[in-house]
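I opened the model and kept notes on what I looked up. The entries follow in the order I made them.

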Amino acid sequence: MGSVRWAFRCGDWTPTRAEWLRAARCVQREEKDRVGQFVFAKDAKSAMAGRLLLRRVVCHRIGIPWSEIRLKRSPRGKPYLELPEASAHLSRFAAEAGRWSFNLSHQGDCAVLAAERGLQVGVDVMKVAMPGSSSVSEFFRIMTRQFTEYEWRVIQSSGSERQQLAAFYRHWALKESFIKAIGTGLGFNLQRVEFHLTPEPITEGQVQRGTKMQLDEEEESDWVFEESLLDADHHVAVALGPQIKPVDGPRAPPLAPAASFKLLSFSELISLATPLTEEDPAYWESFQRKAEAPQRQSSTHTQ
Ligand SMILES: CC(C)(COP(=O)(O)OP(=O)(O)OC[C@H]1O[C@@H](n2cnc3c(N)ncnc32)[C@H](O)[C@@H]1OP(=O)(O)O)[C@@H](O)C(=O)NCCC(=O)NCCS
């Protein structure tokens with residue numbers, strides 16, 4: 001199978017000392033250091049879960065042993081797998097590694113990973129939440145430039161404030177999924193892409209592929225967007241685009257049936273992991289001192 005969709009509920013994860021130290025041993029040293037620098041536990045947990053999701057998919061689907069996986073970042077921050085061509089005993093994985101692309105997102109209470117064989121992939125998860133310190137209309141005003149006039153009409157005509165926020169975050173996840181698939185990050189003019197939503201409702205347990213994207217006013221029929229809900233509040237969009245360098249011959253492989261996100265437990269997340277570094281008790285002590293989230297975020301709730 002050529003698709004992986006995994007989710008981990010970081011918001012529900014209260015790591016034990018053993019879990020946190022084990023997780024820290026199983027990610028690359030520079031990523032362990034990066035995770036350790038987050039001020040809030042919420043951010044540290046979601047970044048840690050993201051690293052474990054990435055390593056797990058490489059190990060599980062490409063077959064590279066955990067301890068041999070080397071993840072790097074593009075100049076704009078997108079994680080990628082260093083192809084194991086250089087190393088003689090790993091060169092047998094190189095062809096398969098070159099066929100896969102993957103991406104992750106963490107927001108709200110969830111971290112998600114999407115991986116696809118033979119297509120570019122980008123993923124974004126957004127929790128529908130009331131804006132922390134302003135009214136919905138003020139929040140939308142600040143965000144005006146992120147969406148086109150057509151998109152704002154759709155968002156603002158979708159009903160109650162809660163429904164408008166849901167439509168807003170749905171569009172946001174779609175835009176981000178595309179930006180993340182192409183890897184540009186900040187700096188892309190978001191007005192260039194416009195989404196036309198499928199009329200089908202998005203319901204939990206189902207994946208919709210009917211939403212279309214226009215880029216510079218032209219419909220991009222090569223791109224497919226998968227939309228789903230992890231729960232009532234978490235919208236996920238997965239962007240699937242043509243591979244930059246065709247790897248399976250001149251034609252892209254047909255799309256596999258859309259798969260729902262599978263929720264992993266911490267035991268599943270770590271089940272293939274092997275330690276890369278020594279145990280570091282001070283890492284736990286530092287984690288324990290972190291507050292879960294900024295006061296404003298902890299008290300922000302959906303209606
Ligand atoms: C960094 C960015 C890629 C996504 O940031 P984000 O939405 O805050 O965060 P997400 O949780 O969805 O994704 C973060 C993950 O994306 C991955 N990522 C980072 N840079 C990336 C890039 N250039 N391309 C693709 N993926 C990237 C990383 O794995 C990162 O997690 P990690 O650092 O823990 O490994 C970037 O697109 C951004 O900052 N966008 C905001 C632009 C904007 O204004 N969007 C409005 C949309 S309407």
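Helices (H or I, at least four residues) and strands (E, at least two) are DSSP runs, numbered from the N terminus. The model is predicted: local features need pLDDT of at least 70, side-chain atom pairs count only at pLDDT 80 or more, and totals for chains, interfaces and linings use all residues. Residues are numbered from 1 along each chain as its sequence is written.

Entry two, a helix pair. I found that the axes of helix H6 (residues 149-156) and H7 come within 8 Å and cross at roughly 145°. Axes are lines fitted to C-alpha atoms, for helices over the stretch in contact, and angles run from 0 to 180 degrees between N-to-C directions. On the H6 side the contact uses Glu151, Val154, Ile155 and Gln156, and on the H7 side Gln164, Ala167, Phe168 and His171. Contact means C-beta atoms, placed from the backbone, within 7 Å. I sorted these residues into four nonpolar, three polar and one charged.

I read off an open sheet of four strands, in the order S4-S5-S1-S12, with mixed pairing. Strands pair if DSSP finds at least two bridges between them. Which strands stand at the edges? They are S4 and strand S12 (262-264), each with a single partner strand, so one side of each has no neighbour in the sheet. The twist averages 25° from one strand to the next. H3 packs on the sheet and touches S1, S4 and strand S5 (110-117), with its direction at about 160° to that of S4. Strand S1 (residues 3-8) pairs with S12 in the parallel sense over three bridges. Phe8 has Leu264 of S12 as its bridge partner.

I placed Leu229 in strand S10 (residues 224-229). Is Leu229 buried or exposed? Leu229 counts as buried because it has 21 C-beta neighbours inside 10 Å; the cut-offs are 20 or more other C-beta atoms, placed from the backbone, within 10 Å for buried, 12 or fewer for exposed, and partly exposed in between.

Methods. Two residues are in contact if their C-beta atoms, placed from the backbone, lie within 7 Å. Ala, Val, Leu, Ile, Met, Phe, Trp, Tyr, Cys and Pro count as nonpolar, Asp, Glu, Lys and Arg as charged, and the others, Gly among them, as polar.
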